[in-house]
Amino acid sequence: MDNKIRSLRMEHITKRFPGVLASDDISISVGEGEVLALVGENGAGKTTLMNILMGLYQSDEGRILINDKEVRFRGPEDAFKAGLGMVHQTYMLVHNMTVLENIALGYKSAWKHTSIDMGEVRDRINEISSRYGLLVNPDAYIWQLSVGEQQRVELVKTLCLGARFLILDEPTSALTPQETDELIVLLKNMKNELPIIFISHKLQEVKALSNKVTILRHGKVVFSGNTDDYSSQEIAAKMTGHEIVLPRNKAENKSGETALEIDSITVMSDMKTKALDGFSLSIKAGEIVGLAGVSGNGQRELAEAINGLRHTASGRIVLHGKEIQNLSPHDVIASGMGYIPEERNTEGIVPSFSIMENLVLKDISTEKFSDKGIVKKKEEEANAERLVEGFDIRCPGIMTAAGSLSGGNIQKVILARELDRKPKFLVAVYPTRGLDMGAVEFIHQRLLEIRESGIGILLISEELEEIMNLSDRIAVIYKGTVQKVLRQDEATKERLGILMAGVKE
Amino acid sequence: MTRGFRIAFKAAIILIAIIAAVLIASMILWLIGAKVGATFYTICIAPLTNMLHISEVMIRAIPLCIIAIGISVAYRSGIINIGAEGQMAMGILAFTGVALAFPDVPRPLLLPLALLASVIGGGVWGYIPGILRAKLNVSELLSTVMLNYIAAQFYSLCLRTIYLDPAEKVYGTGTPQSMRLTENVWLGRITGRLHYGVLIALVLAVLIYILMWKTTTGFRMRASGSGARAARYAGISVGFYAALSMAISGAFAGLAGGIELAGVHRRAIEGITNNYGFSGVVVALFGGLHPFGIIPASFFFGLMIYGATLAPSKVGVPANIVQVMQGIIIIVIVTAQMVLSNTYFQDRVWRKYQSLRKKEA
């Protein structure tokens, strides 16, 4: 069947939202055998543009052409029929169903009157799997799969349903480095079969995968060209509008006494298995210790146990000489612990609360912000004005709901709250996950600053570059124990990668 | 977008909603062969024409208002209290118990004591589902509904046994009701049957406003309700505030029962709770979960409840039909509220309007 999509163009697309011009006269085009990388900071309008392409939004002006014929999509159904398939940032899978059942849900041609021809669906999955080299087990339940495997299921699903053109919205944002590499290899093979648009702000991937790159800023195309003609630095500069050099931890290690001592703790996971098994680590004041590891090896449980959110079955956690294991979260905070949690939208902020209220979430009862239980409104406002200014939180005003901000600005709200409390120690979990370069730069600088001021930091991250740039020492976690602790100068990407995979040196 | 356009937009939506509600309701009235105009007049206008009617509307609005304020506290703290009916019944029982036990204690002491008893009665009945949810994660929907059944039967039992009017035994009529309570627990009346409970309701509304938006306790309760996980991560004891908010919510329902008894009925009889506990949920949502929205909302609901009692005698429309109409009106109004809060829709209309003007020019 020759219904290949040879070219897709969007011309002069304009879309307005209340108070915002989300797309301003944007044109893009993708041809056969091509991968177009759509690059830009958070809030630049990438996702909006793709939602217009998929028929989720209607553009106010402009047109879409497939194989040089104009098309109009009233909804996602129309876009599917035309052969467009999109894999969203958050996967649309039913967790307590198998891979086969999930795909059968959308596979309408296998639906008979009262039953679904599962054999037909299975054949189709096998056909797609072998054609594109996407290995999936049709009988596995979604909840049994890792994030990377779930994404593969999403890809298979999209292709099974007849996609002849792929749109991937930040496909690597939740993947481990290894999974990311695998995905890139996979997509490289697939691009010969069908054109791909992929949204990203990670420039290594853009360089590795795409032929063409289009950069958006504030809803406008600021640059379009062939990827190979430009270096990562040049693309980064075009994306943010200025040259970006991520700061590095070069200051000499002047660390003092032990700030946090974790002494062979055992912590259970939600599945009642040992997430941490005799885990020990000590961090000195004025030192950043990076904890590298593939996610799911006990990082979340470690951060929660330190902060009193999870029961520590055995062992001790000592913060500046005071045992804090199994204290309530309130008491851990009162002992001087700062925490940047993993899920910034649900754990870091109350989304419907204003920026002002989120900035005093932990300290509303202190003398500074209340008097005999009555909130001091003026102090609260002054505090918010000061922090919004000091941390460059971009928002319409301090009364804006924090949940309506972009990821980077939400993270700045959390950072402002945690750092301004003058903690004695800070646990930062994936502090820059999914953020654009500008925000990453800002957060890294702040972390290095408070290290200078003599605060110990435990930095949990999957980004090896982040860990290697910032840490004085690097610990590798594997299956709930510390695999090895390296000094900054001993660590290389390769060595960390091997340790993260569980190989003992 | 101009200010004038925003106001015009809102006015237009409200107007359309009113017209839609009136049209649908008229259709139903027409189908059953009632006089459409006269019925509307009886339900919506007549209750506002003289002081006697208005005071009757207000005595129905008082318990609704107090209960809805309590429900809004729980709702904002992340718990949906649909057990106000049972909590109100327990408040009435506690109030009656105190009044029957100490008939000779002077009024300045006995009335506050009896009202306090109703607060505790309702508060305990609200605290049970609160603490079950906080400690054992029992769904409050389940526990409050079940506690409603228990309270209703217990109420019935008390009226037939320990609280039963001795005179009933003598005459043997067997009406399940308590004796007339001592005057020492009566709330004074302003005009007609309108009692000073109306002032209590207004004071409570102000107090809850201060509690929820001016104190650290209210801040924590709202944080627990809007983002339980983030609240926990910020060191807020979410379970404690869930239980506290339910105790407050129950206490308000109990107090509403006590005031109803002290101001209106002055003896415990069956049917005092009158579904106020359930209507209270609607009033709370309708009032935007804010005390100052709940005050007008409860008046509006009081109007509808009273209008339903007038309709059968004045225009021969059964009260059931009036309730059907009320249901329609509420759905239409809630829908209109949703449309009004949809800024995307407003923006789209604005652009349509602009492009129309361009064409004309």
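How far apart do the C-alpha centres of domain 1 of chain B and domain 2 of chain B lie? They lie 33 Å apart.

Before I continue, a note on conventions. This is a predicted model, in which local features need pLDDT of at least 70 and side-chain atom pairs count only at pLDDT 80 or more, while totals for chains, interfaces and linings use all residues. Residues are numbered from 1 along each chain as its sequence is written, and chains are lettered from A and ligands numbered from 1 in the order in which they are written.

In chain B, domain 1 comprises 1-34 + 317-361, and domain 2 spans 50-316; these bounds come from an automatic or database domain assignment. Between them, 8 residues of domain 1 of chain B are in contact with 9 residues of domain 2 of chain B, contact requiring C-beta atoms, placed from the backbone, within 7 Å.

I turn now to the two chains. Their contact takes 19 residues from chain B and 23 from chain A. On the chain B side, helices H9 (216-226), H10 (228-233) and H15 (343-360) each supply at least two residues; helices are DSSP runs of H or I with at least four residues, strands runs of E with at least two, numbered from the N terminus.

Finally, chain A. Strand S3 (residues 35-40) runs parallel to strand S9 (residues 212-217), joined by 5 bridges; strands pair if DSSP finds at least two bridges between them. A:Gly40 stands opposite A:Leu216 in S9(A). S9(A) is also joined antiparallel to S10 (residues 220-226) of chain A by 6 bridges, with A:Arg217 partnering A:Lys220. This hairpin has 2 residues between its strands, and A:His218 in the turn has a positive phi of about 50°.

Terms used
Contact = placed C-beta atoms within 7 Å.
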